[in-house]
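Subject: Structure handover

Hello,

Please find the structure below. My notes on it follow.

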Protein chains: 2
Amino acid sequence: MDMAGLLIGDVAERTGLTAPTIRYYESIGLLKAAPRSATGYRRYADTTVEELRFIKKAQSLGFSLEEIGEILKLSRAGDTPCSHVLDLSRRHLQAVQERIQQLARFRDQLAAELAKWDGKKEPTCRGLCQIISSAEEREADAPSLDLHARDLRAGSRRKARR
Amino acid sequence: MDMAGLLIGDVAERTGLTAPTIRYYESIGLLKAAPRSATGYRRYADTTVEELRFIKKAQSLGFSLEEIGEILKLSRAGDTPCSHVLDLSRRHLQAVQERIQQLARFRDQLAAELAKWDGKKEPTCRGLCQIISSAEEREADAPSLDLHARDLRAGSRRKARR
DNA sequence: ATCCACCCTGGAGTGCACTCCAGAGTCAAG
DNA sequence: CTTGACTCTGGAGTGCACTCCAGGGTGGAT
């Protein structure tokens, strides 16, 4: 062997990602390029596994890869106070908060309807449609908060230019 | 005018969608083809506006267009009990529930960290990273629940075949 | 009659986050 | 020394949900 370090497959296994995904992350600059062995194989340090786990978590919390890249970049730069990340976080928190509330309301209604169905009292598809229809609207107004995470999408963020 | 009914632009305005989006919905069979005027213009009934609003809401609650299509199809078929939608709803409820819990935990931690920053006590980017890193893992296990709504994505749903 | 804002179509393009492919090289085990 | 599982690259393809475009028709107001 030459120059110890994890192979991409090992890293993949440890993180639950695929090798192509890891290469993809490198290609978009999310992960910095790994040092190569004499024959061109990527050799990873254990810290990369940590970094990838971080990425996975941030992603599952609704951050886009681009946002994660920014956070990572700033975080690598050191322990400096960082108004940008602060700002990003605040807006993200706001979006998360709103999303939780909308989902919770929906959950309650849906659960209630399902309970009715379980009791065999008039189970109909229209019931579900009614619930969905009665979910509160929340677009058009308060357009200031742009979603930062399509995965938390609530209400469309299109603005219909015209 | 010939044969009253809303023009696509009117419908767009009333729903906050764009005309192309409405045509797109028709093209994928989500919306049934509107009757045409003698000159080929789509003429919509008011009920279409309702249907589109329903679609928007269902979408904001995390249903994919495909799922919405199924629901709509069954709902149009009448007030019959419908185990499929029931099933869809149950799994969706489950996913929503989990997602809410994860987001809520994240919200609390993020809020706490932001509060610290507001108090000007050592505001650092690393703090945020720590929070994200400490967000609980939730993948690999419990793979039974496939997400039904990429927008509620929590943890990746790739299974790494190999 | 002339505007001009609307409508139509088919098809191509977008953004995100991958995922797959072909063709070629590498490496440890049998 | 062969086998088989890995690695590399560049580029194309995927899925969702749009979004844009070119090229042409329509219809109410001036």
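Which elements of chain A and chain B each supply at least two residues of the surface near DNA strand C? From chain A they are α2 and α4 (65-76), and from chain B they are α1 (8-15) and α2. Please keep in mind that this is a predicted model.

DNA strand C

The biggest contribution to the surface near DNA strand C is that of α2(A), which gives 3 residues. By residue type, that surface has 8 nonpolar, 9 polar and 4 charged residues.

DNA strand D

Two or more residues of the surface near DNA strand D come from each of α1 (8-15) and α2 (19-27) in chain A, and from each of α2 (19-27) and α4 (65-76) in chain B. The most is given by α2(B), with 3 residues. The surface near DNA strand D is made up of 8 nonpolar, 8 polar and 4 charged residues.

Helix α4(B)

This helix, one of the elements listed for DNA strand D, has 12 residues. From first C-alpha to last, α4(B) reaches 16 Å, close to the 16 Å expected at 1.5 Å a residue. Its buried residues are B:Ile68, B:Ile71, B:Leu72 and B:Ser75. Viewed down the axis of α4(B), these buried residues lie within an arc of 100°, so they line one face of the helix.

Regards

Conventions:
Residues are numbered from 1 along each chain as its sequence is written. Chains are lettered from A and ligands numbered from 1 in the order in which they are written. This is a predicted model: local features need pLDDT of at least 70, side-chain atom pairs count only at pLDDT 80 or more; totals for chains, interfaces and linings use all residues. Helices (H or I, at least four residues) and strands (E, at least two) are DSSP runs, numbered from the N terminus. Ala, Val, Leu, Ile, Met, Phe, Trp, Tyr, Cys and Pro count as nonpolar, Asp, Glu, Lys and Arg as charged, and the others, Gly among them, as polar. The expected span of a helix is 1.5 Å times one less than its number of residues. A residue is buried if 20 or more other C-beta atoms lie within 10 Å of its own, exposed if 12 or fewer, and partly exposed in between; C-beta atoms are placed from the backbone. The arc is that of the directions from the helix axis to the C-beta atoms.
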